Each structure stands twice: as structure tokens, then as C-alpha cells.
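Okay, thanks everyone, I'll keep this short. Let me put the sequence and the model up, and then we'll walk through a couple of spots.

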Amino acid sequence: VIIDVVMNHMDNAFAFEGHDQGAAPFKMHDDEEYRLVLRDSERELFATPVGMQPYRDFWYNNTWDPDASYGGPVYGRWGEGARDDGKGTYSNSDFHHNGDLVD
């Protein structure tokens, strides 16, 4: 339930850079994932251990880690297990940077 609530409200706070008005094509690895940008520069921010953030308990970080891999299972379009040998992601972010959020 917590993940559902966070994901349903993530697009209220963030957009994918270059796709401010809608969804972005899904991407994984290879320096192709998206940087997160705040949708509203006037949005209230909260002091957290990692600086000012739009959520108190989930933080975003736009630092690309070229050697990182996803830390868990990866699933295909229909929920089947998928193989993922790629490298590179925003590993220090609590939010995904892969695209696909719809307004």
C-alpha cells in the first residue's frame, strides 16, 4: 500500500527532465534514464538528512552511478521474470528515473 500511495503521488511532485507535460518513454541503464525535476518551483520542501526535499521520508537524488545495477528482481511487461545485465542507474534515489508516469 505504501508503494502504491507513493507512486500514485510521485507525478504530483516530479516530472522527468524534458517531459514536463506528460509521460516519458521507459528506459533502463546506459545513461538513458531521466533526471527528476520538480513540477512546481513553489512546492513546499522539507529539511531532510540529504537536503531540502518534497517528501520528508522518501528522497530523490540525480547523481548517476555508471557501475550500479538494480538491487532486486526485474519483471517484463506481463509480470514474468526478466534478465537484466545492464549497468548504470540513479542508485541513491528512492524514486525510479525510468520514465512512463502518466499525468
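So, one aromatic cluster here is made up of Phe14, Tyr55, Tyr60 and Phe95. Bear in mind this is a predicted model. If you search the whole structure, you get six aromatic pairs. Take tyrosine 55 with phenylalanine 95: the ring centres are 5.7 Å apart and the planes sit at 35 degrees, so we call that pair tilted. And the two come from distant parts of the chain, 40 residues apart. Tyrosine 55 is in the loop between β4 (51–53) and β5 (74–75), while phenylalanine 95 is in the segment after β6.

Buried or exposed, this tyrosine 55? Buried: its relative accessibility is 18%, and the cut-off is under 20%. Phenylalanine 95 is buried too, with a relative accessible area of 5%.

Arginine 43 lies over the face of its ring, 5.5 Å from the ring centre.

With 9% relative accessibility, asparagine 98 counts as buried. So what does its side chain pair up with in a polar contact? That would be the side chain of tyrosine 70, at 2.9 Å.

Tyr70 also turns up in the contact list for asparagine 98, once you leave aside neighbours within four places in sequence. Also on that list are Phe16, Pro25, Phe26, Lys27, Met28, Glu33 and Tyr34.

Notes: Residues numbered from 1 in each chain as written. Predicted model: local features only at pLDDT ≥ 70, side-chain atom pairs only at ≥ 80, totals over all residues. Heavy atoms only, no water. Buried < 20%, exposed > 50% of the residue type's maximum accessible area, 1.4 Å probe, protein only. Polar contact = N/O pair within 3.5 Å; in protein donor to acceptor, adjacent residues only side chain to side chain. Contact = heavy atoms within 4.5 Å. Phe/Tyr/Trp six-rings, centres within 6.5 Å; stacked < 30°, edge-to-face > 60°. Helix = DSSP H or I, 4+ residues; strand = E, 2+ residues; numbered from the N terminus. Lys NZ or Arg CZ within 6 Å of the ring centre and 35° of its normal.
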